[in-house]
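I opened this model to see how its chains are built and how they meet. My entries follow in the order in which I looked things up.

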Amino acid sequence: MSSDATGGARNGAAVNGGGADVPPSIVIDRVSKRFTLRHARSIKEMTVRAMRREKLSETFNALDDVSLTVRPGETVALMGLNGSGKSTLLKLISGVMRPDRGRVLVRGRIAGLIDVGAGLHPELTGRENVYLNAAILGMGEREIRAKFDQIVEFSGVQRFLDNQVKFYSSGMFMRLAFAIAAHTEPDIFLIDEVLAVGDPPFREKCLARIRELRGEGRTMVIVAHDIRMLTQLCDRGVMMRDGRKVFDGDVAEAGALWREDRQARRLAATSGHGGTPGPGGTAGHNGTAS
Amino acid sequence: MTAAAPRVAADGLRPPEADGGLAQVFRRRYLLRLLVRRELKARYKGSLLGLGWSYVRPAVHFTVYFYVIGVFMGMDRAVQHFPVYLFSGMVLVNLFTETLHSCTRSVTGNAPLVKKVFLPRELFPVASLLVSLVHFLPGFGILLAASAAYGWRPTPAGLGGAVLAFAIVVVLGLGLGLMCAAVNVYFRDLEQVVDILMIVITWTVPMIYPWTHVRDQAPDWVLDAYLANPLVSAVSLFQRAFWFPGTRQDFAFPPDLYARAAVSLAVAAAVLAAGRLLFARAQRRFAEEL
């Protein structure tokens with residue numbers, strides 16, 4: 001079903017998926033998001049900047065009139081260079097941020113692998129963190145108890161389960177965090193850059209788990225810089241550039257566009273023109289937008 | 001703005017942030033319980049005294065007030081059973097100041113979580129309030145024991161007043177706490193303001209001295225303003241409940257104490273409603289501001 005749906009959505013015109021009988025699981029309808037960068041926060045900084053006649057703040061469009069419809073069971077790769085707005089889009093889907101214009105609608109339970117580990121508390125033990133983090137991701141007490149052993153086994157940190165998480169290696173930390181998130185069984189799964197961590201065997205395990213979740217018909221939106229992996233994992237690619245959707249369709253084609261963009265940015269960087277691939281680039285705001 | 005859109009459409013599509021608000025905190029009470037436990041465990045982790053530190057601060061305050069104000073300045077002779085008088089006000093004032101202090105920092109202190117995962121953000125101030133209540137319980141137990149040792153016997157009117165006083169403090173504390181938590185995300189200055197305010201609160205309630213000193217020394221309008229403070233009514237009611245019955249019963253409480261307290265509770269409820277509204281509006285931009 002995915003190839004039909006992606007073909008139709010390619011121009012971004014089929015926002016409400018004309019003709020499809022399954023209701024969509026994510027609808028992003030003409031969404032814009034604007035960020036304000038404040039250069040001065042204290043009164044002192046403000047006066048200094050005002051005297052020098054410098055701007056106190058700048059705004060830039062992290063997302064500009066983006067529309068996207070994702071059907072249940074689709075695996076969508078969001079591609080784009082740093083600052084292209086893909087992480088912002090993911091945050092809007094998860095509800096962490098709200099759009100300035102347009103609307104975002106979702107169906108079912110959402111869980112995000114967005115910087116896993118955000119919910120892990122270093123002073124608590126691994127065991128306590130499994131309960132806490134699973135509850136943060138929306139699981140109930142009984143559900144956590146039922147899946148506890150599975151989570152621990154997946155993470156491979158059995159021996160250190162009763163140690164404080166601050167003594168974990170970064171690999172163990174990420175493994176535990178991923179294991180919890182991967183067992184939440186959401187209807188919509190958002191994945192941001194987490195697959196870059198961990199040793200190769202664990203990474204394989206993560207990918208296998210993602211394929212398994214995909215096989216169960218869950219909707220997935222994945223952000224990563226590993227284009228080859230995305231091409232294998234996803235059946236649809238969305239390419240973002242400066243907060244706008246520039247391509248929506250075959251994942252390999254989206255990957256090719258991404259490589260072009262990266263090439264352009266590298267060229268620009270080596271010839272000394274800053275790192276902006278095209279007019280009005282937001283490369284200078286990488287940290288905030290991505 | 002999307003606020004006017006229906007929360008859940010017929011096909012199950014809804015805005016991802018539809019699960020927010022103070023009412024949702026109750027639905028996620030398992031998570032709330034874990035957050036409270038995390039707070040209690042993590043705050044004193046790695047210190048030798050552990051949770052014991054939550055007793056040290058009030059104990060030091062009590063000792064200083066008792067010796068300086070009670071013994072050196074003679075309050076002990078002016079107010080019968082001064083230690084009980086002092087302590088019955090102190091447990092309540094500590095509950096209020098600690099709630100306000102920790103609520104103010106609750107959202108900024110959980111910044112990684114607020115930015116990455118969507119949760120009803122009201123969870124954090126409510127968890128702070130519950131942590132303060134856990135700290136209040138042992139102090140309250142000590143108060144009951146001390147009052148009993150000084151010849152206190154519970155009276156229905158007194159206990160009713162105590163419940164009223166407790167309600168005023170909790171409702172007002174959560175209301176102001178929600179406001180402070182929200183504003184502190186935008187202006188971190190508030191943390192400093194609240195800390196200074198805590199000193200003012202301690203000295204503008206009849207906890208260390210009786211209210212009659214204000215009546216006899218200050219102009220009428222100051223007394224009116226003083227008695228209008230909901231915390232003054234709450235503290236007086238606690239003294240009425242736990243200190244007064246054990247004394248010669250010749251102390252005159254502020255006029256219309258119960259009527260004033262009822263009005264105070266209404267004011268506190270209004271503050272809570274306003275705080276809830278302010279927080280709900282402000283939290284839309286939390287992820288960007290943190």
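**Chain A, overall**

I began with burial in chain A, where 43% of the 290 residues count as buried; a residue is buried if 20 or more other C-beta atoms lie within 10 Å of its own, exposed if 12 or fewer, and partly exposed in between, with C-beta atoms placed from the backbone. I note at once that this is a predicted model, in which local features need a pLDDT of at least 70 and side-chain atom pairs count only at pLDDT 80 or more, while totals for chains, interfaces and linings use all residues. Residues are numbered from 1 along each chain as its sequence is written, and chains are lettered from A and ligands numbered from 1 in the order in which they are written.

I found ten helices and nine strands in chain A; these are DSSP runs numbered from the N terminus, helices being H or I of at least four residues and strands E of at least two. Taking the contacts of chain A between residues at least 6 apart in sequence, I read that 73% join residues at least 24 apart, a contact being two C-beta atoms, placed from the backbone, within 7 Å.

I then asked how many residues of strand β8 (residues 236-241) of chain A are buried. The count is six of six, and both faces are covered, with Arg236(A), Val238(A) and Met240(A) on one side and Gly237(A), Met239(A) and Arg241(A) on the other. In a regular strand the side chains alternate between the two faces of the sheet.

Strand β3 (residues 75-79) of chain A runs parallel to β8(A) and is joined to it by four bridges, with Ala77(A) opposite Gly237(A); two strands pair if DSSP finds at least two bridges between them. Strand β9 (residues 244-249) of chain A pairs with β8(A) in the antiparallel sense over five bridges, and here Val238(A) stands opposite Asp248(A). β8(A) and β9(A) form a hairpin with two residues between them, and in the turn Asp242(A) has a positive phi of about 50°.

Ala77(A) came up again when I looked at the largest nonpolar core, which has 148 residues and in which Ala77(A), Leu78(A), Ile222(A), Leu92(B) and Ala165(B) have the most contacts; such a core is a set of buried Ala, Val, Leu, Ile, Met, Phe, Trp, Tyr and Cys residues joined through C-beta atoms within 7 Å. Helix α8 (residues 156-186) of chain B supplies the largest share of this core, 16 residues. Leaving out residues up to four places away in sequence, I listed the residues that Ala77(A) touches, among them Ile222(A), Leu230(A), Val238(A) and Ala254(A).

Strand β1 (residues 26-38) and β4(A) pair over five bridges, and Ser32(A) stands opposite Arg101(A).

The predictor gives the complex an ipTM of 0.83 and a pTM of 0.87.

**Single residues**

Trp152(B) is found in the loop between α7 (123-149) and α8 of chain B, and counts as buried because 23 other C-beta atoms lie within 10 Å. Beyond its neighbours within four places in sequence, Trp152(B) is in contact with Ser147(B), Phe242(B), Pro245(B) and Gly246(B).

Asp65(A), in strand β2 of chain A, has a positive phi of about 55° although it is not a glycine. Most residues other than glycine have a negative phi. Asp65(A) is partly exposed, with 14 other C-beta atoms within 10 Å.

**Confidence in chain B**

Chain B averages 90, and 97% of its residues score at least 70, but over residues 1-7 of chain B the pLDDT is below 50. Where pLDDT is low, the predicted coordinates should not be read in detail.

Terms used:
pLDDT = per-residue confidence, 0-100.
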